[in-house]
Amino acid sequence: MKKIFGKFIHGLASVLNSIFNFLINILNAIVTVFEGLSQVIMLIGCSVIFVLPLFFIAIPPELFTIFLIIAVVPFLGKSFISLLRYGNYTLIEWMYDKADTLISGKKKGFDNLSDYAKKYKLDQERERRRQAEEERQRRQEEMNQRFEEFFQGFNFSGFDFDERNFNGGYDTGSYQNGGFVNDLGFKEKYQKACDTLGVSYTSDQYEIKLAYRKLAKKYHPDISQDPNATEKFQKINDAYDFLSSDNINKYKNM
């Protein structure tokens, strides 16, 4: 009975997840359109105000209201999208874990929705810090590149910027953050894990987890009719375990 109820919750979570993602995609499209309209209106407005300073005074109230709505929609839309993502992660993760607990008989996840909400906020904060670090590294690399281009052809204390050679052939381009980033073995494993889950190599932890949940539902041995479900389910779990936040950051910094 518990397994049947668990399968029902699993299916309901998948339906709700699809609805959430559909709404998020629709809102993203609407926000993109209105952002484009806002930029066009702003460009036209800046051009007109220099030619006809009194033009805006003569704008009909109805037209002004339309302009105001176009300007406000992107801000409200982004806030609502963030709220939907928050609700999607919190509710769907809780339902999936409850379903897995009932199906497998082993406790998974947290007991309360508030714990999932806290985890979501922590994941978002980690992602924000990761993006900030990536931006810092990008700027640093840009500065280094400009520096090298400026001094290209000059030698300083044995450092040849043309060859990037220091003290007899040390290649600084292959070393970063205290370790070799040209780790082909890791790169191949990472990309293979992404291919297994059907996600892009630049996916974040949120996208990876959603893809894992969908495949785990499809090939769960207690649910799937596929004769190779157990083997596929194991590969899916192995891929998901490999795509940890540390490995995601390591790959993106390569």
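I began with a definition: a patch here is made of residues with over 30% relative accessible area and no salt bridge, and its nonpolar side chains are joined within 5 Å. I note that the model is a predicted one.

**Entry 1: the nonpolar patch**

I looked up the nonpolar surface patch and found that Val 15, Ile 19, Phe 22, Leu 23, Ile 26 and Ile 30 make it, with an area of about 520 Å². I then placed Ile 30, which belongs to helix α1, residues 2–51. Ile 30 counts as partly exposed because its relative accessibility is 35%.

**Entry 2: the recorded spans**

I consulted UniProt, where an unreviewed entry lists residues 12–34, 40–59 and 66–86 under "transmembrane region". In the model, I found residues 12–34 to be 100% helix and 0% strand, with 33 Å between the end C-alpha atoms. I found 100% helix and 0% strand for residues 66–86 as well, with end C-alpha atoms 30 Å apart.

**Entry 3: aromatic rings**

How many aromatic pairs are there? I recorded five. One of them joins Phe 5 and Phe 8, which are stacked at 6.5 Å centre to centre with 20° between the planes. Both residues lie in helix α1, three residues apart, or about one turn of the helix. I noted Phe 5 as partly exposed at 46% relative accessibility, and Phe 8 as exposed at 53%.

I next examined Tyr 212 and Tyr 240, whose ring centres are 4.1 Å apart and whose planes meet at 10°, so the pair is stacked. Tyr 212 lies in helix α5 (residues 205–219) and Tyr 240 in helix α6 (residues 229–242), so this pair ties together parts 28 residues apart in sequence. Is Tyr 212 buried or exposed? Its relative accessible area is 11%, and buried means under 20%, so Tyr 212 is buried. Tyr 240, at 22%, is partly exposed.

I also recorded one aromatic cluster, formed by Phe 186, Tyr 190, Phe 242 and Tyr 251. Over the ring of Phe 186 sits the charged end of Lys 250, 4.2 Å from the ring centre.

**Entry 4: salt bridges**

I recorded 12 salt bridges. Among them is the bridge between the side chains of Glu 35 and Lys 78, at 2.7 Å from N to O. This pair links distant parts of the chain, since Glu 35 is in helix α1 and Lys 78 in helix α2 (residues 61–104), 43 residues apart. I found both partners partly exposed: Glu 35 has 27% relative accessibility, and Lys 78 has a relative accessible area of 45%.

I then turned to helix α3, residues 113–150, where Arg 129 and Glu 125 are four residues apart and therefore separated by about one helical turn. Their side chains meet in a salt bridge of 3.1 Å, N to O. Arg 129 counts as exposed at 56% relative accessibility, whereas Glu 125 counts as partly exposed at 28%.

Helix α3 also holds Arg 139 and Glu 135, four residues apart, about one turn of the helix. The closest N and O atoms of their salt bridge are 3.0 Å apart. I noted Arg 139 as exposed, with a relative accessible area of 51%, and Glu 135 as partly exposed, with 29%.

Which residues are linked in a network of salt bridges? I listed Glu 93, Asp 97, Asp 100, Lys 209 and Arg 213.

Definitions and conventions. Residues numbered from 1 in each chain as written. Predicted model: local features only at pLDDT ≥ 70, side-chain atom pairs only at ≥ 80, totals over all residues. Heavy atoms only, no water. UniProt positions renumbered as here; feature names shortened; annotations may be inferred. Helix = DSSP H or I, 4+ residues; strand = E, 2+ residues; numbered from the N terminus. Patch = residues over 30% accessible without salt bridge, like charges linked within 9 Å, V, L, I, M, F, W, Y side chains within 5 Å. Areas by Shrake-Rupley, 256 points an atom, 1.4 Å probe, with all protein chains shown as cover. Salt bridge = Lys/Arg side-chain N within 4 Å of Asp/Glu carboxyl O. Buried < 20%, exposed > 50% of the residue type's maximum accessible area, 1.4 Å probe, protein only. Phe/Tyr/Trp six-rings, centres within 6.5 Å; stacked < 30°, edge-to-face > 60°. Lys NZ or Arg CZ within 6 Å of the ring centre and 35° of its normal.
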